[in-house]
Structures are given as C-alpha cells and as structure tokens.
Amino acid sequence: MMSAHRYTSLSLLLLQVLLIALPVRGAYAIDGQQRDNTETEVVVTDQIRNQMTPSNRNNRLIGASSHRSLPADGTESSAGKKCLPFYPYSFGGLDKMSVANSVALLQRTGHAGIAVRAGNNADRKRLARYYKVSRSQGGKFNVIATFMSHKFKKLGTSIKNHKATINAMAGREGVLWVFFRDDNGDISPAELEKMVRKIVRFADRKGVRVALYPHVNNIYSNALDGIKLVEKINRSNFGIVLNLNHELLAGKFSELAQTVERIKHKLFGVNISGARWPLDDSSDSAMIRSSVLALDENEFDLKSFLSLIKNSGYSGPIGFLNY
C-alpha cells in the first residue's frame, strides 16, 4: 500500500487527466493496439524530473507538472483547461492520519474532497468529522461519496448498517456506494434485488443518492450487468459507479466504449487507477494487484478511457483508487 504522501504527489498529476495528456508506459489503446510512448504527451517535464530529490525519485513521486495543479472545483485553470473535481478514497495512509491533517494534505495537493469508508460506527464517527470540516470549508472540500461493503456470511440481508450511514448523510453532500463481497452462491439475485430496493427506498426518503458499485466476485461484477438492476429498480436517486479496475477484472476491456454509452444516463461516479496491461493472470491475487497500481506504474491507456468518459457528457468528479 502506497504512503499518503506518495499517493497525493501522484494524484496531483491526475488532476489534469481529462483534457491534458497522461503519461503511460508501454500502453495499449482502448482499441487493443499497442501504442508507441512517443505518441503520448508527457506533462511532467524533464526539468522537473531532474529537480526531484533522489529519495523522491526512489519513491516515484510525480508531484508537479508543466501545467501546475488545476483547481479542484470544476473551474478553468490558468491554461484554460476544464478540470473535473478529483478525489481519493479515505484509505491508503489517509486513514492513519487525523481528519484535519488528511484534509490539509489533500487540499495542499488540489483535491476537491474524499470518499469516506462508512461501514460501521467507528467509520461513521470519522465521517462526521469529515462533514464538520466540509461545512467549515464552505464547499471547498466535500465528502463526495461514502462506501461500505456488505458480507452476507456475516450480516445476512440486514440493511441496518446502510440505514445508519444514510441517516448520517441525510441533509449533507455525497453519494452512498453499495457493494457486496461474497454473494456468489450465498444469495440469489432476487434476494439481492429485494435488499437493494430497501436501501434505495430508505435513502430516497432521506434525500440521499445511492450508487451500485460493481465489484469483483459478486453477482454484479461489472457495470453492464449492474445497470440492469439500476434500471429495473428505476428510482431517480439510484445510479451506478464505473470502476475501471473492476471492469478490467471482469474481462470487459473490449466493451469499455459500449459500457460507457450504456450507463451514461445513470452514471453517478467514475473511479480509476493505474493497471498493468494485460493483467497478470498467474493467480487471482496477482490479477487483482495488477489492476490497482500507482499512476507512474501504469501501462493502460487511461487517456483514451477518460476521453470516453469526457465524451459521454459526464461532468462529475473523478476518483482515484489509492489502495
């Protein structure tokens, strides 16, 4: 797991990903053809690389670019480039820091907010502190999402935890991401649908938006499958999150363009990470590790993927899986 400081230095570069080219190494284009690195504009200049300290280079910190950091609130930069809000998850070292220090670190590096784990009472207490900071910042730093995994072997189909998190979010910003970790064979699609309907209805009464978060090793492992449930439930407060790493793990690389087009009307969030390409299929754990990398380790054509997102009309925040 990368350190919080390494993460924020890397993610600063990604504040520019939608309209400024992203450096890739040995990248494969979305169309499956290998791309020559010389075709990709590198925004980190050689001069800046040379100014980096040896210790920073050893940690592969890429904390500056020729375009400098862009504003995190969706406004235009001094270079006239549109910047979508950019944010990390609340782990990856940020969970080891106080809320005040983690927010200060993220703000120094141009982040718009954070996605906060909210699966238990301790998480929700920390979420309350993030909301307190958000209110004090007057919209300059937001809780963009909350997330919680649900393990059926431990919790059955109870939505007690979901209700507690929804209550904590009521009247505040953010989308609740719901995902499931062990439902293959443990629960039927009908049972899962019934449970999700309960969550969405309760959230709707509280004015909270919910997004299905497709995740490896469950019934809805990718967005093309997940959108069917979203449309079947058919409530305005219910959408879907597009997670690049889970799409790759589900074998949906060749269907990314189709996926974005299919789900764009219900797209409540987009999350990216670096990835080896092709993924390392020597074992399940190796495949997962190769789908969640730091950006300077990336071999995947993120620029083309993000162009799909941009051209779909999506104008929401972009998350980075800093796992």
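Q: Hi! How many aromatic pairs does a search of the whole structure find?
A: The search turns up 13 aromatic pairs. Bear in mind that this is a predicted model.

Q: What is the geometry of the Tyr87 and Trp177 pair?
A: Tyr87 and Trp177 are tilted, with 6.5 Å centre to centre and 45° between the planes.

Q: Where do Tyr87 and Trp177 lie, and what does the pair tie together?
A: Tyr87 is in strand β1 (residues 86-88) and Trp177 is in strand β4 (residues 175-180), so their pairing ties together parts that are 90 residues apart in sequence.

Q: Is Tyr87 buried or exposed?
A: Tyr87 is buried, at a relative accessible area of 1%. Trp177 counts as buried too, with 1% relative accessibility.

Q: Nice. And what about Phe253 and Trp277?
A: That aromatic pair is tilted, at 4.6 Å centre to centre and 40° between the planes. Phe253 sits in the loop between α10 (244-249) and α11, while Trp277 is in the loop between β7 (267-272) and α12 (284-290), 24 residues apart.

Q: Which residues do ring pairs link into a cluster?
A: The cluster holds Tyr87, Tyr89, Phe91, Phe147, Trp177, Phe179, Tyr213 and Tyr323.

Q: Switching to helices: at what angle do α9 and α11 pack?
A: Helix α9 (residues 223-233) and helix α11 (residues 256-263) pack at about 15°, and their axes are 10 Å apart. Angles under 35 degrees count as roughly parallel, so α9 is roughly parallel to α11.

Q: Is their crossing left-handed or right-handed?
A: The crossing of α9 and α11 is left-handed.

Q: Which residues make the contact?
A: On α9 they are Ala223, Leu224, Ile227 and Glu231, and on α11 they are Gln258, Thr259, Arg262 and Ile263. By type, the contact residues of α9 with α11 are four nonpolar, two polar and two charged.

Terms used. Residues are numbered from 1 along each chain as its sequence is written. This is a predicted model: local features need pLDDT of at least 70, side-chain atom pairs count only at pLDDT 80 or more; totals for chains, interfaces and linings use all residues. Side-chain values use heavy atoms; hydrogens and water are left out. Axes are lines fitted to C-alpha atoms, for helices over the stretch in contact, and angles run from 0 to 180 degrees between N-to-C directions. Helices (H or I, at least four residues) and strands (E, at least two) are DSSP runs, numbered from the N terminus. Angles under 35 degrees count as roughly parallel, over 145 as roughly antiparallel, 65 to 115 as roughly perpendicular and the rest as oblique. A crossing is left-handed if the near helix is turned anticlockwise from the far one by less than a right angle, and right-handed if clockwise. Contact means heavy atoms within 4.5 Å. Ala, Val, Leu, Ile, Met, Phe, Trp, Tyr, Cys and Pro count as nonpolar, Asp, Glu, Lys and Arg as charged, and the others, Gly among them, as polar. Rings of Phe, Tyr and Trp (its six-membered ring) pair if their centres lie within 6.5 Å; planes under 30 degrees apart count as stacked, over 60 as edge-to-face and the rest as tilted. Buried means under 20% relative accessible area, exposed over 50%, partly exposed in between (1.4 Å probe, protein chains only).
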